[in-house]
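Biologist: I am new to this structure, and I would like to know how each term is decided before I rely on it. Could we go through a few of them together?

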Amino acid sequence: MEQTSKVNNWDQRSTTVVDTLEPVQKPFVWLGILVSIVLFFAIVITTTWTQGILFIIGIALGVTLLHAKFGFTSAFRRLASVGNVQGLQAHMVMLAAASVLFAIILSTGFSFTGTAPQGYVSPVGVSVLVGAFLFGIGMQLGAGCASGTLYAVGGGKSSMVITLLAFIVGSVLGAYHIGFWQKTPALPPISLAESTGLGYFGGLILQLFLFAGIYAITVKIARKKNPPRMKPLKTTTGVKRIWRGAWPLLAAAVILAVLNAITLSVRGNPWGITSAFALWGSQILQMFGVDVASWQFWQDNPAPLNQSVLADSTSVMNFGIILGAFIAAAFQGNFKPGKIKPGVAAASVIGGLMMGYGARLAFGCNIGAYFGGIASFSLHGWVWGIMALAGTFLALFIRPMFGLSNPNPKDSVC
């Protein structure tokens, strides 16, 4: 009966459909809110108000990601397997909005805290090519990217806990080996705004042209292949939709762009995720006497190793994402951890390791390198996206070995 209701109400264009939602899990909602309040004050008391604000931004990111099920992994997989372009189109909208905001912030030096904003502009070389390719494979095996792993853990998907733990291990291994990868051939950091002489206005026009071109190509792909549409998420009507129902994918894309721009203006750098994983794992090893401070990765930036994780802005934002997703899932009544199949567990371990290692090599993940890099006008962000998509194509052949299915052109939805 529920499926019939969805089909009758769904207009085939929206990513949401009005339908009956699960009851609110009030104990979980209050638990999430209480933990968030306690952690917020702990952060502010032990560090600064800026860290507390970043924690709140993290919560907002977690809520947005969960409500829209905003995917980077699923977007690439749907595109590679059946030609569904809805996810990639949402990426283009998000990146276009972020580029406009980043161009304003970076060109004017606008800051809420007095910290000069700097984008993520990194070298393009062997390490990025290899790292992004590994990440592309890993996110398809681990069933989630960096942001997807965090919000899925908060949302109650049991297998993603394994992915996250393996992600941390992979990040530490990548940090341990970074000295080797830094010696591989690479071009210097290239900004499409500053390195080209176009300036931020010219760079913005160039990127908007690229986004529009890619969007136009996706329209042609959709018309040619007529792929199954994304399975709609259940939502409700009125004001309740803000905290109860699913959000439209494109609305979430714009919200994520705005939140990333706010992050840039608060802490001086765009949103990132995986550097915190390397920090968490390295601090644990340090507790057991491992001299991680001698690694090239930490010699380049030793300060975080000897500080509380609450002083690390990426860490507090990650905590916020998990809690925001937990609260959002509880409001939807969807926080229901389940059993983990052996094949899924094995894929989660391998995928997490590959993502963690790849992210360190490629100067970031789908957030820091792809989202933050492109929004910062960095060439490496574009290269990251291409290589991660290439890894996705290969992963489509590997996923069935672990019992993981791929979208099929004959499916009604994907």
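Modeller: Let us start with contact, which means heavy atoms within 4.5 Å. By that rule Gly324 touches Ile59, Gly62 and Val63, not counting residues up to four places away in sequence. This is a predicted model, in which local features need pLDDT of at least 70, side-chain atom pairs count only at pLDDT 80 or more, and totals for chains, interfaces and linings use all residues. Residues are numbered from 1 along each chain as its sequence is written, and side-chain values use heavy atoms, with hydrogens and water left out.

Biologist: Why does Gly324 count as buried?

Modeller: Buried means under 20% relative accessible area, exposed over 50%, and partly exposed in between, with a 1.4 Å probe and protein chains only. Gly324 has 0% relative accessibility, and therefore counts as buried.

Biologist: How do you know that the span of helix α10 agrees with its number of residues?

Modeller: Helices here are DSSP runs (H or I, at least four residues), as strands are (E, at least two), numbered from the N terminus. The expected span is 1.5 Å times one less than the number of residues. The 19 residues of α10 (residues 249-267) should therefore span 27 Å, and the end C-alpha atoms are 27 Å apart, which agrees. After α10 comes Gly268, with a positive phi near 90 degrees.

Biologist: What makes the span of α11 agree as well?

Modeller: With 14 residues, α11 should span 20 Å, and because its end C-alpha atoms are 20 Å apart, the two values agree. Its buried residues, among them Phe277 and Trp280, pack against α7, α8 (159-181), α12, α13 and α14.

Biologist: Which residues lie nearest the centre of the second largest pocket, and how many line it?

Modeller: A pocket is an open set of points on a 1 Å grid over the protein atoms alone, where a 1.4 Å probe fits, with protein on both sides within 12 Å along at least five of seven lines, and lining residues have an atom within 4 Å of a point. The second largest pocket is lined by 27 residues, of which Tyr120, Ser275, Phe297, Asn301 and Arg360 lie nearest its centre. Helix α11 gives the most to this lining, with four residues.
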